[in-house]
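Subject: Structure for you to look at

Hello,

Here is the structure I said I would pass on. My notes on what turned up in it follow below.

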Amino acid sequence: MQYSDHWQSLIDFDQQHIWHPYAPSPNPVPPIGVKSTQGSLITLADDRQVVDGMSSWWAAIHGYNHPKINAAMKAQIDTMPHIMFGGLTHEPAVELAKRLVKLTPEGLNKVFFADSGSVSMEVAIKIALQYWISQGKSQKNRMLSIRNGYHGDTFATMAVCDPVNGMHHLFNDVLRKNLFAPAPQMGFDIQSDNQDDFSDIRELQKILQQHHQEIAALTLEPIVQGAGGMRFYRPAYLQQAKALCEQYDVLLIADEIATGFGRTGKLFACEWAGITPDIMTVGKALTGGNLTMAAMLCTDKVSDTICQGEPGVLMHGPTFMANPLACATAIASIDLLLEIPWQENIATIEQHLKTELSPLAELDGVKDVRVMGAIGVVELERNDLGSQIQAACLENGAWIRPFGKLIYTMPAFNIPQRQLQTLTDAINQAVKHTLAKQ
Ligand SMILES: *Cc1c(COP(=O)(O)O)cnc(C)c1O
């Protein structure tokens with residue numbers, strides 16, 4: 001990429017001084033400069049416009065700079081950008097909590113606002129532990145998770161991420177030794193989803209049977225495992241997992257940070273299985289990708305148990321908890337989502353991704369192509385072609401960020417058809433050409 005002198009100096013400083021996600025510093029790979037965004041278009045530093053295939057990591061579901069969300073943000077800035085939440089409250093927090101309680105599965109009545117997905121999961125784990133401490137069962141203090149999971153980058157969440165992807169060996173001495181069941185093997189297929197088929201949940205059951213007395217909660221991403229492998233699994237697995245949690249007296253934490261707010265074709269992925277978890281987290285798309293905010297919800301039973309035990313409170317309170325600007329943004333994003341025909345939009349995107357990406361499955365070097373809702377995944381055999389494919393996509397006018405062998409996209413729900421076509425054409429070309437060169 002050819003930069004102006006001004007941009008080159010920005011990039012140079014960045015490479016020398018700024019950490020990027022999962023990157024070294026100094027960074028040998030120059031990041032790509034971005035000037036502005038509009039809808040599903042990103043304007044790069046050289047004034048090229050490319051189609052955004054990532055929604056900024058699942059978050060920007062309405063595209064960027066949506067006029068309704070921007071207007072809500074501007075109005076809130078002039079009223080009250082921030083106020084502490086200790087002992088005080090405000091309309092944006094209450095209105096947002098009302099929406100979350102109403103829209104999430106029946107029974108999730110209590111809301112804790114957090115600053116990021118990882119923090120909301122920390123709170124979820126803390127609450128699960130405290131639930132048992134309050135009942136004098138502090139030996140129930142381990143987490144059970146399923147492999148290929150991803151729940152965040154902080155220490156408690158790292159310890160429930162997939163042990164290999166999450167690089168547990170690095171932090172072996174400090175990470176809590178949790179329990180892991182194999183990832184569900186059957187994919188998402190509601191037509192042939194057999195409730196009575198327990199084959200891929202047997203191991204989970206065995207672990208629960210053996211260890212339930214020391215397990216506080218099962219954490220999982222419902223239906224779609226995101227950053228730990230972009231895998232989709234069947235609703236029956238989730239129903240069976242919920243039933244097992246009840247049978248063995250273990251809480252269920254559903255991490256909807258990636259799946260929440262429509263991405264899978266349901267507002268929340270738990271709806272595919274018709275279950276209410278004991279604890280649920282949302283983030284990412286909560287503010288339409290505009291500000292950092294997440295939330296943890298739990299049932300009355302969980303919160304009542306905690307508040308009737310010692311010390312009777314939830315010991316957590318981030319400085320920027322329930323930031324009014326973020327709350328107002330989230331309200332605008334949720335209201336907009338409910339106003340648009342989001343289910344139709346997602347069905348259209350799903351059909352398009354299936355039609356355009358499925359033929360890649362025939363290529364040598366492609367292991368699998370899978371599509372669910374507004375998520376398209378091309379899984380390669382090799383895990384070292386991501387950056388080449390990314391560069392080729394960018395040449396063809398689309399921004400994606402593969403990881404390992406996974407080339408994937410999750411566009412905004414309102415992406416114009418023509419831009420969606422540019423996106424899938426770019427992915428198609430990039431995958432074909434890159435594989436052909438090997
Ligand atoms: C992104 C993600 C998180 C972590 O959220 P952050 O806001 O990045 O801390 C947790 N769980 C899932 C499923 C995610 O996709």
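**A buried arginine and the salt bridges**

Arginine 234 counts as buried, because its relative accessibility is 3% and the cut-off for buried is under 20%. Please keep in mind throughout that this is a predicted model.

The partner of arginine 234 is aspartate 193: the two form a salt bridge in which the closest N and O atoms are 3.0 Å apart. Arginine 234 sits in the loop between β9 (231–232) and α8 (235–247), and aspartate 193 in the loop between β6 (179–181) and α7 (202–211), so the bridge ties together parts that are 41 residues apart in sequence.

Serine 192 lies in that loop between β6 and α7 as well. With a relative accessible area of 52%, serine 192 is exposed.

The structure holds 18 salt bridges.

- Arginine 99 pairs with aspartate 335, with 2.8 Å between the closest N and O atoms. Arginine 99 belongs to helix α4 (residues 91–103) and aspartate 335 to helix α10 (residues 324–339), so this pair ties together parts that are 236 residues apart in sequence. Aspartate 335 counts as partly exposed, at 29% relative accessibility.
- Glutamate 350 pairs with lysine 354, the closest N and O atoms being 3.6 Å apart. Both residues lie in helix α11 (residues 342–357), four residues apart, which is about one turn of the helix. Glutamate 350 is partly exposed at a relative accessible area of 22%, and lysine 354 is partly exposed at 35%.

Helix α5 (residues 117–133) packs against helix α9 (residues 300–308) at an angle of about 60°, and their axes are 8 Å apart. The two helices are therefore oblique to each other. The crossing of α5 past α9 is left-handed. On the α5 side the contact is made by Ile127, Gln130 and Tyr131, and on the α9 side by Lys301, Val302, Thr305 and Ile306. By type, these contact residues divide into four nonpolar, two polar and one charged.

**Around strand β12**

Threonine 299 is in strand β12. At 13% relative accessibility, threonine 299 counts as buried. Apart from neighbours within four places in sequence, threonine 299 is in contact with Gly107, Leu108, Asn109, Lys110, Pro277 and Asp278.

Leucine 291 is placed in the loop between β11 (279–282) and β12 (294–299). Its relative accessible area is 29%, so leucine 291 is partly exposed. Which residues does leucine 291 contact, leaving aside its neighbours within four places in sequence? They are Met73, Leu325, Ala326 and Thr329. The C-alpha atoms of leucine 291 and cysteine 327 are separated by 9.1 Å, and the two residues are 36 apart along the chain.

**Backbone points to check**

- Serine 25 to proline 26 is cis, with omega near -5°. Proline 26 is found in the loop between α1 (5–17) and β1 (34–38).
- Glutamate 310 and proline 311 are also joined by a cis peptide bond, with omega about -5°. Proline 311 lies in the loop between α9 and α10.

The loop between α9 and α10 is also the place of alanine 322. Phi of alanine 322 is near 55°, a positive value in a residue other than glycine. Is alanine 322 buried or exposed? It is buried, with a relative accessible area of 1%.

Asparagine 148, likewise not a glycine, has a positive phi near 70°. Asparagine 148 lies in the loop between β5 (142–146) and α6 (155–158). With a relative accessible area of 22%, asparagine 148 is partly exposed.

Regards

Methods:
Residues are numbered from 1 along each chain as its sequence is written. This is a predicted model: local features need pLDDT of at least 70, side-chain atom pairs count only at pLDDT 80 or more; totals for chains, interfaces and linings use all residues. Side-chain values use heavy atoms; hydrogens and water are left out. Buried means under 20% relative accessible area, exposed over 50%, partly exposed in between (1.4 Å probe, protein chains only). Contact means heavy atoms within 4.5 Å. Axes are lines fitted to C-alpha atoms, for helices over the stretch in contact, and angles run from 0 to 180 degrees between N-to-C directions. Angles under 35 degrees count as roughly parallel, over 145 as roughly antiparallel, 65 to 115 as roughly perpendicular and the rest as oblique. A crossing is left-handed if the near helix is turned anticlockwise from the far one by less than a right angle, and right-handed if clockwise. Ala, Val, Leu, Ile, Met, Phe, Trp, Tyr, Cys and Pro count as nonpolar, Asp, Glu, Lys and Arg as charged, and the others, Gly among them, as polar. A salt bridge is a side-chain nitrogen of Lys or Arg within 4 Å of a carboxyl oxygen of Asp or Glu.
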